Amino acid sequence: MRSELLTIIKKEFRRFFGDKRLFFSTVILPGLIIFIMYTLMGQLMADFLKPDESYKPKVYVCNEPESAKQILKSMNITYHEVKLGQTASVKQKIEDQKADLLLVYPDDFDELVAKYDAIASGEKAPEIEMFYNSAAKESEALFKTLTTAYDSYETTMSNKFDINADQDVKFDLATEEDSTAQVFAMLVPMLLVMMLMSGCMAVAPDAIAGEKERGTMATLLVTPVKRSSIALGKVISLSVFALLSGISSTTGVLLSLPKLMSGGEENLSASVYTVGDYAALAVSILATVLCIISIFSIVSTFAKSVKEAGSYSTPIMLVGTVVAVVSSMGSSEHSLKLFTIPIYNSAMLFSGIFSMKYTMAQVGVTVASNLVLAIVCVYIMTRMFNSEKIMFSR
């Protein structure tokens, strides 16, 4: 049986690796497209959110007190002073995106601030009104900048104590590992399951249903090779192809995700994970691919043509996508029993690995349950291969 199995695997390898276009479209192209697409998306998002540095903002101020005149001047912002009766027209300009910001101080602002006592009076504090347009990136960026500046200005007026004032001290104690784990665990597990399913769906229909449609499967079945060897050889070889596609896609995601999430900042790196983390990930991916490809292989065996196999596979792909999304939205704490559910357990385990919150028991249960399902599927395939009605149907 061993030699028969190797013969089937070699046959599939020659078919796959001998077709350069098939190899390129299945292995190289997915990772390349994902890397280019995500990198461009990250750059475009960064360019969209970042205001033009040469842009001169149009700012209007009403009733500006003497104490606040230096704020805008220190920021090199040229502004126009308007009277209270002109503010309505300025607001309309901001709404039409012809102006960026309007600052309106109450009359006698400095005197009101000096007299105000939050505890004794219990009244509302003097308010500076700042009108802007969040749909205009320059206006929104200016609003955020001035809000920070005026918060500092408020502190200087009644400074009783400071919070995190020392610029030389790092108050945010999140490590690089924490930041990377948070971002990767949020997106990569869901994408990884979807990509593995896409890779399996790409290679399974043609390998079995395609051969049935072309008539080559009938020739293979009449050879003195056990049909169980044919079924197992198909699953093993297809798993290799799907795994290569998954590795390509995952590599593209890991390389492009920092640019996609941080607008080009180099503060995320997959190097924070240990060799043990990658080993656990590799084992779980391998078991997941065997499980998924076995399911799609059954569908391909049952179908009469590649088109029919594709139509049957699409709902399975959608269900897998939903499972991946649901698992990514759940809590990081999971009962060990949930890791016995194939595919769902893989998504949970991927999330645990990338968030650095997983146990070897979870890895073991996930791998074992997925392998059990794969074995059951191979057994079902063997029975299907022994059915003349299924294998020779037209």
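**Exercise 1. Work out whether Asn63 is buried, partly exposed or exposed, and say where it sits.**

Solution. Asn63 has a relative accessibility of 30%, so it counts as partly exposed; buried means under 20% relative accessible area, exposed over 50%, and partly exposed in between, with a 1.4 Å probe and protein chains only. Next, find its place: Asn63 is in the loop between β1 (59-62) and α3 (69-74). Helices here are DSSP runs of H or I with at least four residues, strands are E runs of at least two, and both are numbered from the N terminus. Last, check the backbone: Asn63 isn't a glycine, yet its phi is positive, about 60°.

A quick note before you go on: this is a predicted model, where local features need pLDDT of at least 70 and side-chain atom pairs count only at pLDDT 80 or more, while totals for chains, interfaces and linings use all residues. Residues are numbered from 1 along each chain as its sequence is written, and side-chain values use heavy atoms, leaving out hydrogens and water.

**Exercise 2. Describe how α13 packs against α14.**

Solution. First, the geometry: α13 (residues 344-354) and α14 (residues 360-385) pack at about 155°, their axes 10 Å apart. Axes are lines fitted to C-alpha atoms over the stretch in contact, and angles run from 0 to 180 degrees between N-to-C directions. That makes the two helices, α13 and α14, roughly antiparallel (over 145 degrees). Then, the residues: Asn345, Ser346 and Leu349 of α13 touch α14 through Gln362, Val363, Thr366, Ser369 and Asn370, contact meaning heavy atoms within 4.5 Å.

**Exercise 3. Now see how α11 packs against α13.**

Solution. The angle between α11 (residues 275-302) and α13 is about 170°, and the axes are 10 Å apart. That makes α11 roughly antiparallel to α13. On the α11 side you'll find Asp277, Ala280, Leu281, Ser284, Ile285 and Thr288; they meet Ser346, Leu349, Phe350, Ile353 and Phe354 of α13. By class, this contact has seven nonpolar, three polar and one charged residues.

Definitions and conventions:
Angles under 35 degrees count as roughly parallel, over 145 as roughly antiparallel, 65 to 115 as roughly perpendicular and the rest as oblique. Ala, Val, Leu, Ile, Met, Phe, Trp, Tyr, Cys and Pro count as nonpolar, Asp, Glu, Lys and Arg as charged, and the others, Gly among them, as polar.
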